[in-house]
Amino acid sequence: MSQYSIWVMEYAYVSQCAVSSVIYGAHNQGIRKLPYCYVVIKSKDRIAMVDVGYNDKEYGRYISGKFGVENWHSPASVLAPCGIRPEDVDDIFITHAHFDHMGNIESFPNAVFHVQERELTKWIWAMSLPDRLRYMMVATDPSDVLRVADLARQGRLRLIDGDKHNVIPGIDLHAAPDTHTYGSQWVHVRNDMQSQSADSWVLAGDLVYVYENIEGMGADKMYIPVGLALGSTTNLVLTTDEMMKAVDYEMKRLIPVHEERLKDVFPSRITASGLRISEICLASGQKSLVN
Amino acid sequence: MKLAQVNDFADQAPALHELDCELFELPAAPTDWLADIETDHDDLIRYAQTVRPCYDRIGRIIGQLAGLFILARFGDRFETDWTAVNRVLEQVRQTEADIHAVWVPRIARPHYNYLLLAFDKTVAVTRGFDANLRQTDVLRAQLDSWTRELKLVGAMLSRAAAEKLGLLPVDFSQACCNCGIGKPQTFSLQL
């Protein structure tokens, strides 16, 4: 019996994303659509999310002009088909500190946020470096630390040191140090509540963008890391194997949230806003949002 | 009105502030000061080149302070971060020297004064933090008000952003992860 329903909710997208930015070394391979998403995990009495997207009021105009991000919608709008309001969300697992994953903290006024302590401390370190090393700060917004400081003030911040099992029942956080970012983490949902789960899902954040990062680009199956590693590509590949191991190497159960082809693998629909909902699994008694 | 329509309206509505909103204390920013100005003027380019490191660094200073405040709240973890505190102090000193050496054309004077105000607030918080580092109780009692001040500075930096001059709170120049196809990037090399 599944405890949680899981949906991947698109909140914006880039129509023309260079393939080389999502697959390491895939130069001159053209463009593809890249959705921006967060994940809703819902049980009968609890609502959690993986990441929160970014706040269009802060950077939207600039991002849409420079990078072609389109059709941004607020969490209130995106979550409405789930019958959820942002203020209903209890727990949020931040996979990493990039603006498009944690730039909208303020939209969730009651949630407790779970962040790897290493992501915070290395972020402080990166900001302390001389100007010539500011690459280490790429895609992070210093103001987001202020927002996290405000969470701490309100008692809504949990700093996670490494792996943490049952952060809420049946859900584990796994540290992935020095991979995509310094303190990334991935989320393991053991939907049957068993320690050796036969019904588990991994939500990968940006440790895996698309299916090619798991299955390669040719006939020979092999992992290919994502296009950005502040840590190392070695760590990215090893973490990919850890995540695959957690789902017993069943690729379908490792969810890359930036993958447009989720719609081909899971029941999905496009909302009136032109954004996709992919239904990864349903808890017992939960009605489908897409059928 | 359907829920989706209500939400769409909310997306587009101007921000309304609660009566106790901290941003009421925000000093007024120069509005649209670059709207009708060609930014290829040599004086503005020179201003942008000298002020941008200060703008970026103030952002990083308040980010570091906020991060250290978080660690301070979480107790025992703070003791190991003296080096981090010293790096902030060093950056404040460096910015203090640099910001007063910025060459400011008349047109940019309100913008520059606004940045100076933001920096002054940053310096005040940094000095207060530094002065109380060894008095944990005092330090913790001040964290809320310092966090509030830093939020104001963050909001001021946001309002002082000038895309045309390359002043932005987030450095997108390397376009992270999944940011699509941007406009062609240009760069200059000084030999």
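## A loop residue in chain A

Let's start with Met136(A), which sits in the loop that links helix H5 (117-127) to helix H6 (142-153) of chain A. Keep in mind that this is a predicted model.

Setting aside residues up to four places away in sequence, Met136(A) touches Ala126(A), Leu129(A) and Leu230(A). Gly231(A) is 95 residues from Met136(A) in sequence, with 10.0 Å between their C-alpha atoms.

## The nonpolar cores

The largest nonpolar core holds 118 residues, and those with the most contacts inside it are Met9(A), Val39(A), Met49(A), Ile92(A) and Leu65(B). Its biggest contributor is helix H2 (residues 42-73) of chain B, which supplies 14 residues. Apart from this core lies another one of 5 residues, including Tyr54(A), Phe99(A), Leu168(B) and Val170(B).

Which residues does Leu65(B) contact, leaving aside neighbours within four places in sequence? They are Val88(B), Val125(B), Thr126(B), Phe129(B) and Leu150(B).

## How confident is the predictor?

For the complex, the predictor gives an ipTM of 0.82 and a pTM of 0.86. Chain B has a mean pLDDT of 77, with 65% of its residues at 70 or more. Within chain B, confidence is highest in helix H4 (residues 109-131), at a mean of 94, and lowest in helix H1 (residues 3-12), at 46.

Residues 9-15 of chain B have pLDDT below 50, and this stretch makes 6 contacts in the model beyond near neighbours in sequence. Residues 175-191 of chain B also stay under 50, with 35 contacts beyond four places in sequence.

How values were computed: Residues are numbered from 1 along each chain as its sequence is written. Chains are lettered from A and ligands numbered from 1 in the order in which they are written. This is a predicted model: local features need pLDDT of at least 70, side-chain atom pairs count only at pLDDT 80 or more; totals for chains, interfaces and linings use all residues. A nonpolar core is a set of buried Ala, Val, Leu, Ile, Met, Phe, Trp, Tyr and Cys residues joined through C-beta atoms within 7 Å. A residue is buried if 20 or more other C-beta atoms lie within 10 Å of its own, exposed if 12 or fewer, and partly exposed in between; C-beta atoms are placed from the backbone. Helices (H or I, at least four residues) and strands (E, at least two) are DSSP runs, numbered from the N terminus. Two residues are in contact if their C-beta atoms, placed from the backbone, lie within 7 Å. pLDDT is the predictor's confidence in each residue, from 0 to 100.
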